[in-house]
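Q: I'd like to learn how to read a few features off a model like this one. Can you take me through them one by one?

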10 protein chains.
Amino acid sequence: MSDNIYQNLTMLGGDTKQPASPEEAVLERVPNPQADVNYAVRFTAPEFTSLCPMTGQPDFAHLVIDYVPGDWLVESKSLKLFLTSFRNHGAFHEDCSVTVARRLIDTLEPRWLRLGGYWYPRGGIPIDIFYQTGEVPAGVWVPDQGVSTYRGRG
Amino acid sequence: MSDNIYQNLTMLGGDTKQPASPEEAVLERVPNPQADVNYAVRFTAPEFTSLCPMTGQPDFAHLVIDYVPGDWLVESKSLKLFLTSFRNHGAFHEDCSVTVARRLIDTLEPRWLRLGGYWYPRGGIPIDIFYQTGEVPAGVWVPDQGVSTYRGRG
Amino acid sequence: MSDNIYQNLTMLGGDTKQPASPEEAVLERVPNPQADVNYAVRFTAPEFTSLCPMTGQPDFAHLVIDYVPGDWLVESKSLKLFLTSFRNHGAFHEDCSVTVARRLIDTLEPRWLRLGGYWYPRGGIPIDIFYQTGEVPAGVWVPDQGVSTYRGRG
Amino acid sequence: MSDNIYQNLTMLGGDTKQPASPEEAVLERVPNPQADVNYAVRFTAPEFTSLCPMTGQPDFAHLVIDYVPGDWLVESKSLKLFLTSFRNHGAFHEDCSVTVARRLIDTLEPRWLRLGGYWYPRGGIPIDIFYQTGEVPAGVWVPDQGVSTYRGRG
Amino acid sequence: MSDNIYQNLTMLGGDTKQPASPEEAVLERVPNPQADVNYAVRFTAPEFTSLCPMTGQPDFAHLVIDYVPGDWLVESKSLKLFLTSFRNHGAFHEDCSVTVARRLIDTLEPRWLRLGGYWYPRGGIPIDIFYQTGEVPAGVWVPDQGVSTYRGRG
Amino acid sequence: MSDNIYQNLTMLGGDTKQPASPEEAVLERVPNPQADVNYAVRFTAPEFTSLCPMTGQPDFAHLVIDYVPGDWLVESKSLKLFLTSFRNHGAFHEDCSVTVARRLIDTLEPRWLRLGGYWYPRGGIPIDIFYQTGEVPAGVWVPDQGVSTYRGRG
Amino acid sequence: MSDNIYQNLTMLGGDTKQPASPEEAVLERVPNPQADVNYAVRFTAPEFTSLCPMTGQPDFAHLVIDYVPGDWLVESKSLKLFLTSFRNHGAFHEDCSVTVARRLIDTLEPRWLRLGGYWYPRGGIPIDIFYQTGEVPAGVWVPDQGVSTYRGRG
Amino acid sequence: MSDNIYQNLTMLGGDTKQPASPEEAVLERVPNPQADVNYAVRFTAPEFTSLCPMTGQPDFAHLVIDYVPGDWLVESKSLKLFLTSFRNHGAFHEDCSVTVARRLIDTLEPRWLRLGGYWYPRGGIPIDIFYQTGEVPAGVWVPDQGVSTYRGRG
Amino acid sequence: MSDNIYQNLTMLGGDTKQPASPEEAVLERVPNPQADVNYAVRFTAPEFTSLCPMTGQPDFAHLVIDYVPGDWLVESKSLKLFLTSFRNHGAFHEDCSVTVARRLIDTLEPRWLRLGGYWYPRGGIPIDIFYQTGEVPAGVWVPDQGVSTYRGRG
Amino acid sequence: MSDNIYQNLTMLGGDTKQPASPEEAVLERVPNPQADVNYAVRFTAPEFTSLCPMTGQPDFAHLVIDYVPGDWLVESKSLKLFLTSFRNHGAFHEDCSVTVARRLIDTLEPRWLRLGGYWYPRGGIPIDIFYQTGEVPAGVWVPDQGVSTYRGRG
Ligand SMILES: [Ca+2]
Ligand SMILES: [Ca+2]
Ligand SMILES: [Ca+2]
Ligand SMILES: [Ca+2]
Ligand SMILES: [Ca+2]
Ligand SMILES: [Ca+2]
Ligand SMILES: [Ca+2]
Ligand SMILES: [Ca+2]
Ligand SMILES: [Ca+2]
Ligand SMILES: [Ca+2]
Ligand SMILES: [Ca+2]
Ligand SMILES: [Ca+2]
Ligand SMILES: [Ca+2]
Ligand SMILES: [Ca+2]
Ligand SMILES: [Ca+2]
Ligand SMILES: [Ca+2]
C-alpha cells in the first residue's frame, strides 16, 4: 500500500476552514500510487450550488468529473472544499462548469479530464454542459456518466 | 353491445371547431352502458397547457382524471376539446385544476371524481394538485395515479 | 396433485378452432383443487385487440384480471381463445372491458373478480378501466396491478 | 377565474431582495379561490440547502410539502424565498425539517400539512424526516411522495 | 446470540442428498430466537421450476414467501432443498403454489403466512398466484412483494 | 468570470413581449466566454407545442438541443421565447423540428448542432426527428439524449 | 413552411377504407421538405399484430422504424393503414419484419432504413429482428431504439 | 433552534475508537427538540456487515430504520459506530435484525420503531426481516421503505 | 410469404419427446427466407437451468442469443427443446455457455453469432459469459442485450 | 464437457480458512476449457469492504470484473476468499481497486482485464475507479458494466 502519499497534506483530518470563494480555495494533490498504468477516476458531486450573477438567486447542479491521473491524484477533501467554495459565487452555467474543469486541470495535469454539469431547470429549460480535454486516451475505459436527461413531468 | 349510445353526439367524426375558451367548450355525455355496476374510468392527458395570468407565459401540466360514472360517460372527443380550450386561457395552478374537475362534475354527475394536476416546474418548484369529491365509493377500485414526484436532476 | 381435474375439457391439447366472436367463444372451467382456502389468481394479457365500432380501426389494450376462485378455475387455453375472439369485434373501451369481466363472472362464479383494462392512447388521451365486483374478500391478498399510467413523451 | 387574489402581494413580479435568514423571510399568503372544497397541494423543492451547526459545512435536502388549504394558499415566490433563506442557516436535520413545516402552518393555518425531508447522506447514512399534523382529513386524497429510499451503490 | 438453536439439524454443513420429489423432501425447523415479538421473514426464490403435468415441459416461477414465525423458523437450507424438489414434479400453477405454502404451514405453524407465485408466461399470458392464511396479524408490518406485473414487449 | 457578456441583451430581466410567431421571435446571442475550448451545451425543452397544419389541433413535443458553441452562446431567455413562438404556428413534425435547428444554426454559427424532437403520439404512432449538422467534432463529448422510445401501454 | 406537400394525397382526412392485406395497402409518400440535409425519422408502432401461418393464432409485435429520407417522406396515415393490413395476414417473425422494411424501402427510396421488430414471447422465448440497409450514413445521428430485452418474471 | 442539545455527547467531533463488538458499542441519545409533535425519522444504512455464525464468512445487509422519537433522538455518529460494531460479530439474519432494533428501543424509548433488514442472497435465496413495535401511532406518517424485492437475473 | 420453408420439419406441431441430454437434442434448421440481406435475430431465453457438476445442485441462467443467419434459420421449437435438454446436465458456467453457442454455430453456419449467459449468483457473486464469433459483420445492426448487471440489495 | 479441470484445486468443497489479508489469500486457477476462442467473463461482487487507512473506518464498494481468459480461469471460491481478505485491510480507493485488478492479472495472465470499483460515498462524493489493461481485444464483446452513477437524493 501507499499511505505515505498523504503526508504533506494540510487539510485531511484537521480543522479546515471553509474557503469563501473559488479563488481562496486550495486544491491539493497527492502522488498517484498507480502512475505506471492508465485508469480513470470518477467523482460524483450532486451537492453543487452557486449564485446567478444576474439575480443573485441560487443555482444548483449535479456535477460528474472523470479524469485519467498522471503523476497526481486530487485529494478528495480539498476537492469537496473547492466545490463548496462556489456557494456564494456568481457564475453562469456554461462558464462556471468549464471553470471548475480548468482548475482541476491546472492542479492535476491529468492525462485527460471530462466534466458533466447537469443544472437544475430555470424557466422550464435546464442546461447541461459537457466538457472534456479531447479524445479519451487510447486503451482507457470511461463509461457513460449516465445522468438522465431532464423530462419535465408525467 | 351498446353502440347506439352515441347517436345524439354533435362532435364525433364531424368537423368540430376548436373552442376558443373553456366557456365556449361543450362537454358532451353519453349514457353509461354499464350503469348497473360501479367501475372507474381514467383519462390521462399529458398534453395540457394554459397561460400564467400574471405573465402571459405558457404553463404545462400532466392531468389524470379518474371517475366513477353514474348515468353518464364523458364523450372522449369533447373532453379533448374541452382540455384544449385552456390553451389561451389564463389560470393559476390551484384554481385551474379544480375548475377542470368541477366542469366534469357538473356535466357528468358522477358517483365520484378525482383529478391530479402535475404541473411543470416554475422557479425550480413544481406544484401538484390533488382533488377528489370525497372518499372512493365503497367497493370501487381506483389504483394510484402513479405520476412520479419531481426530482430535479441527478 | 390433482391432474384429473382437466379430464372433461374439450380444448386442451386438441386442434381448437379460433372462435369468430365473443359470442362463439366458450369459456371452460375446471374444479378448483384448493377450494377450501381463499387465494387470488392473476392473468396478465398484454395482447388484447378489438375494433373501434365507429371507425372500424383496431384498438389495443393490456388487460389484467384478478379473481378469487370458488368452485371453479378458468381453463387457461379457453381464456386465451375468449380474449382472442374480440379481434374482429367492435366495442367501446368502457363497455368492452366490463363485458370481459362479466363473462368471466358468469362462467366462474368467483368469490370476487377485478379487471384492469389499460387501453392504448387515441387522440393523445388513453382510457383505463378499473372494475371489481366489490371489496376484496376479508383476509385475501391481492397486490396492486402496477401498470404504469401513460406518460406521453420525455 | 380569480386573479384578483394576488393584488396585495409585495413580492410577485417585483425586485425582491433575498432574505438573509429564515427569521427575515416573509411567507405571504393569498385567499384560497376554491376554499369551499378540500384538495391537496404539493410543492417539490429539490434545491434546499442549509449548514451543519457543528461543522458549518453545507447540508442538502430534497423537500416535499403537501397541504390541504383552508382560507389561504401560500404565495409560491415567497415560499421559494423562505426556503432559500436557510442557505446560511445552521440547523440539524430533524429540527430543521419540522421547523419549515411549522412556519408554513403558522402562516397558512391549513386544514392539514405534511412535510418530507430527504437529506443527502452524511457518514454513509442519510436521514429522512416525515412529519404531518395528524391524519389526512377524511375524504382528501394525498398520494405517496414517492421519493426513493437511499440505496448506496450497485 | 442464539447459535445453539441449530444443534439438532441434519442438513446444515453436511453432504445433503437432493430429494427426488416434494414428498421425499424434509423441511426442518429451528426454534425462533425472538419468539416473544412478532416480525415477518421474507424468502425470495427466483429459481423455482417444476413440470407441466399435461405436456411434461418445464415451468418456471419466481416465488416470494412471507411469514410471521411462532415458535419455529424454517431452516434455510432445507427450504432450498424443498423448493428444488419440485424440479421433476408435475404440477399446475394454482395447485403447486398453494401446496408449497401448505407444506410450510404444516411444518412451521406460523402465526401467518403469505406466498406469491409469479409464473413465466405460457401462451402469452402468465399466471400469478396470491395466497395468505388470512389478514396480516395486528401490528405486524409486511411490505408489498413488489414483483412487477408482466408487461409483454415495448 | 465573464458577466459583462450579457450587457447588450434586450430581453434579460426586462418586460419582454411574447412573440406571436417564429418569424417575429428574435434569437439573441452572447459571446462565448470559453471560446478557446470545445464543449457542448444541452437545452432540454419538454414544453414545446405547435399546431397541426391540417387540422389546427395542438401538437406537443419534447425537444433536446445539443450544440458546440463557436463565438456565440444562445441567450437562454430568447431561446425560450423562440420556442414558445410556435404555440400558434402550424407545422408538420419533420419540417418543424429541422426548422428550429436551422434558426439556431443561423444565429449561433455553432461548430456543431444536434436536435432531437420527440413528438407525442398521433394515431398511436409517435414520430421522432433526429437531426445534426454532421459528425460530432473530434474530441468533443456529447452523451446520448436518452429520451425513451415510446412504448404504448403495459 | 411547406404544407402544400400534401396536396396529392388520397387518404389524409378522408374516409379511408382499411386495406384487407399488405398487398392491398397503398403506402403514400410526400416530398421531403428538408431534402437538402440528412436527418432521421423514427416511427414507433407498438400496436402491430399478424397471424401465425402454422396455427392461425395472433402474433403481436412492437415495431420501431428509423429512416433517413431522400426525396420522400412516408405519409403517416398510409403507414398506419399499411401496418394494420397485417392483421389478417399469416407471417413468420423473421420474414414478416424484413418484409415490412422492404415495402418501405421500395416506396420511399430512403438514404437508409432500419427496422426493429420486438415480438411477444411464444413458448417462453421471444424473437427480436434487427434489420438495416447497411451502415448509418456518415454524419447522421440515430440513437438506440432502446426497447428492453425480454426478462421473464421477477 | 436547539443546538445545545448536543452538549453532553462524548463522540461527536472527537477521536472515537471503533467498538469491537455490539456489546462494547455505546448508543448515545440527545433530547428531541420537537418532542411536542409526532414525526418519524428514517436512517438508511446500506453498509451493514456481520459474520455467519456457522461458517464465519461475511454477510451483508441493507438496513432501514424508522422511528417516532419520544424524548430522545439517537445521535447519528454513535448509531454509525453501533452498526459498524457488528463487523466481527457472528449472527443469524433473523436474530441479528431484531437485536439491532431492540438496542435502539432500549436506548431511545421511542413511541414506535420499525426495522427492515434486506440481506444479500445466500444459496440464491435472500432473507428479508420486517420488524416493528406494533401499529404506526395514530396520525403519524411513515412511507414505505421501498427496497426492491430481490429479482435474480434477467 | 414463405411458409413452405417449414415442410421438412419433424417437431413443429407434433408430439415431440423431450430430449434427455444436449447430446440427444436435435437442432433443426429451415431455409432463411431473406437470405439475400443481412439481418440479426435475437432469442431471449430466461428459463435456462442446468446442474452444477460438483454438487449436483441446479444452476439457473438467463440466455440471450443473437445471430446473423446465412442460409439457415434455427427452428424455434427445436431451439427450445435443445435449451431444455440441459436440465439434467452437469456443466460449469463458462463451459456451458460457450457450448450452447457452438452447437448453434455447427447447425446454422451463421454469418455471425453472439451469446450472453447471465447466471444467477452463487456465493454472492454471479458470473456472466459474453461470447461472439468475432466482429459484428459490417453494416449489420445488433443493439446491446441490455441485461442489468447484478446489484445485490438496496 | 471438461469437469476434470478442477481436480488440483485445494479449496473447492473443503473447509477453507478465511485468509486474514490479501497477502495471505491464494488465488487459484483452472485450465480454460474453451481456450481456443475469445470470450469474456464477468464477476459482480457487490459485497466488497475494506478499511480507510486514515481513520480505520470501513469502506464499501461494488466491484465488477471483466476478463478475457487465456489459458486460465479464476477458480470462483478462491476469488471470493481473495475479495473477502480485504475486510481488515487499509487501502485508498484508487490504489485498492487497481491492486485487486493487478493480482488477478498476475495469476490469470488474461488476454485482457477490466475492473470497475464503485465506492459508497464519503463526504457526499463517491469515487468510482475504471481500470483496464488496454483496448478490448479485437472481435471480443464486453457490454457496459451498467452500474448507475450516484445520484444523491430526490
Ligand atoms: Ca502502488
Ligand atoms: Ca423552472
Ligand atoms: Ca389439492
Ligand atoms: Ca412529459
Ligand atoms: Ca374560484
Ligand atoms: Ca456520505
Ligand atoms: Ca434472542
Ligand atoms: Ca394517439
Ligand atoms: Ca406493450
Ligand atoms: Ca422547408
Ligand atoms: Ca409465452
Ligand atoms: Ca428473472
Ligand atoms: Ca447467492
Ligand atoms: Ca422472402
Ligand atoms: Ca447495494
Ligand atoms: Ca437530486
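Predicted model: local features only at pLDDT ≥ 70, side-chain atom pairs only at ≥ 80, totals over all residues.

Q: In which loop of chain A does A:Cys52 lie?

A: Strands are DSSP runs of E, at least two residues, and helices are runs of H or I, at least four, numbered from the N terminus. A:Cys52 lies in the loop between strand S2 (39-51) and strand S3 (58-68) of chain A.

Q: What does UniProt place at A:Cys52 and A:Asp59?

A: The unreviewed UniProt entry puts the feature "active site" at both. UniProt positions follow the numbering used here, feature names are shortened, and annotations may be inferred rather than shown by experiment.

Q: Is A:Cys52 buried or exposed?

A: Buried means under 20% relative accessible area, exposed over 50%, and partly exposed in between, using a 1.4 Å probe and protein chains only. A:Cys52 counts as buried because its relative accessibility is 16%. A:Asp59, in strand S3 of chain A, is buried too, at 6%.

Q: Which residues does A:Cys52 touch?

A: Contact means heavy atoms within 4.5 Å. Not counting residues up to four places away in sequence, A:Cys52 touches A:Gln57 and A:Asp59. With that same exclusion, the contacts of A:Asp59 include A:His93, A:Trp119 and A:Arg122.

Q: How many disulfides are there over all chains?

A: A disulfide is a pair of cysteine sulfur atoms within 2.5 Å. A search of the whole structure finds 0. For E:Cys52, the nearest cysteine sulfur is that of E:Cys96, 11 Å away.

Q: With which side chain does that of B:Asp66 make a polar contact?

A: A polar contact is a pair of N or O atoms within 3.5 Å; within protein, one must be able to donate a hydrogen and the other to accept it, and residues adjacent in sequence count only if both atoms are side-chain atoms. The partner is the side chain of B:Arg42, at 2.6 Å. B:Asp66 lies in strand S3 (residues 58-68) of chain B and is buried, because its relative accessibility is 0%.

Note on methods:
Residues numbered from 1 in each chain as written. Chains lettered and ligands numbered in written order. Heavy atoms only, no water.
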